[in-house]
Amino acid sequence: MTDRLTIRRPDDWHVHLRDGAMLRGVARFTARRFARAIVMPNLQPPVTTTAAAAAYRDRILAAADGFQPLMTCYLTDHTDPDDLAAGHADGVFTAAKLYPAGATTNSASGVTDVAKLAPVLDRMQAIGMPLLVHGEVTDPAIDIFDREAAFLTRVLTGILRDFPALKIVLEHITTADAAQFVADGPATLAATITPQHLLLDRNALFEGGLRPHAYCLPVLKRERHRRAVVDAAISGSPKFFLGTDSAPHGVRRKEAACGCAGIFNAPFALESYATVFDREGALDRLEGFASEHGARFYGLPLNEGTVTLERAPVLVPERIATEDDAVVPFHAGETLGWRVVD
Ligand code: DOR
Ligand code: ZN
């Protein structure tokens with residue numbers, strides 16, 4: 001039995017760091033574990049220009065250094081392909097994020113019709129800039145548990161057909177349909193996987209009562225879907241890699257009549273992933289998933305340095321204080337079986 005595991009320093013290919021007091025409260029958790037992190041742009045107002053992204057990057061580095069925030073552009077119906085390409089050439093933008101308007105937190109300014117993005121996607125394809133996708137349709141007639149699967153056939157298939165050289169990351173996959181679609185897709189298509197979608201099925205939302213801290217988008221799915229997502233993560237396929245989707249909201253905004261979507265998993269994300277890979281007898285594949293596949297897909301160098309995990313209990317706190325509030329971390333109050341050796 002493996003009790004100690006040293007892997008190359010990992011990256012988080014999908015994180016929400018927020019701004020202001022929340023940023024100052026949460027950024028250190030990402031910085032202490034991950035060499036690089038793809039930072040989501042769904043602030044209020046969203047990060048839609050190179051200038052806004054450069055300023056946001058400075059605020060992130062003022063909140064926590066020792067890691068490299070990789071910035072993303074929030075695509076809208078009015079994104080300027082020239083500003084996007086200039087920001088990419090300057091090294092400000094690593095990628096751009098497609099939120100279908102209304103799909104999730106702060107997505108109101110998102111894209112209303114992917115057809116309108118054609119000039120932008122065309123340019124991204126030409127310059128080798130990855131498109132990151134929140135893959136859910138927003139049609140209210142589609143059941144919320146089916147919105148990811150519907151996105152594959154209604155939207156993603158068309159983007160792949162029209163932009164065959166565009167690199168696309170389908171973010172935070174939650175279904176057997178998405179795992180299969182990505183596995184069967186071209187080498188230009190990859191996916192990130194969160195710890196919560198590996199560990200929880202939708203029953204966790206209702207365990208003994210309504211559980212706001214298990215609510216995120218895409219929402220947790222049936223057990224058979226969780227199983228398929230685990231199989232994808234541990235498959236060793238370079239198309240699947242770590243993206244926590246850590247998405248902190250203050251405790252009052254989570255524990256409310258209309259609670260926000262998002263799970264704050266940054267503090268113990270590596271421990272979470274290690275727990276899954278260990279349970280599956282796949283610890284030997286954790287390094288590829290956490291530290292290699294993403295960098296290769298993005299065309300970035302692998303990190304130097306390592307992180308060591310050991311089989312030992314670690315108690316996750318009930319709450320983590322921020323300047324003016326508190327956030328409840330994923331696994332709050334639980335004891336995990338793997339800890340990072342600092
Ligand atoms: O649960 C989620 N929270 N899903 C998202 O897509 C957005 C995120 C957030 O920003 O809170
Ligand atoms: Zn996200």
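The largest cavity in this predicted model has a volume of about 120 Å³. Of the 17 residues lining that cavity, H16, T104, T105, L217 and D245 are the closest to its centre. The count comes to two cavities of 30 Å³ or more.

Local features need pLDDT of at least 70, and side-chain atom pairs count only at pLDDT 80 or more, while totals for chains, interfaces and linings use all residues. Residues are numbered from 1 along each chain as its sequence is written, chains are lettered from A and ligands numbered from 1 in the order in which they are written, and side-chain values use heavy atoms, with hydrogens and water left out.

- On a 1 Å grid over the protein atoms alone, a cavity is a set of points where a 1.4 Å probe fits but cannot get out.
- A pocket is an open set with protein on both sides within 12 Å along at least five of seven lines.
- Lining residues have an atom within 4 Å of a point.
- Grid points are joined across faces, edges and corners, and a volume is the space filled by probe spheres set on the points.

**Cavities**
- The lining of the largest cavity has five nonpolar, nine polar and three charged residues (Ala, Val, Leu, Ile, Met, Phe, Trp, Tyr, Cys and Pro count as nonpolar, Asp, Glu, Lys and Arg as charged, and the others, Gly among them, as polar).
- The second largest cavity has a volume of about 40 Å³.
- Its lining residues include T174, H197, K221 and R226.
- Helix α8 (residues 223-233) gives the most to this lining, with three residues (helices are DSSP runs of H or I, at least four residues, numbered from the N terminus).

- The largest pocket holds about 560 Å³ of space.
- It has 25 lining residues, and L200, A214, F330, H331 and E334 are the closest to its centre.
- By class, 15 are nonpolar, five polar and five charged.
- The second largest pocket holds about 460 Å³.
- Of its 21 lining residues, R18, D19, M22, Q44 and N106 lie nearest the centre.
- Helices α1 (20-33) and α2 (50-63) are the elements that give two or more residues to this lining.

**Helix contact**
- Residues E148, A149, L152, L156, T157 and L160 in α5 meet D177, A178 and F181 in α6 (contact means heavy atoms within 4.5 Å).
- This contact has six nonpolar, one polar and two charged residues.
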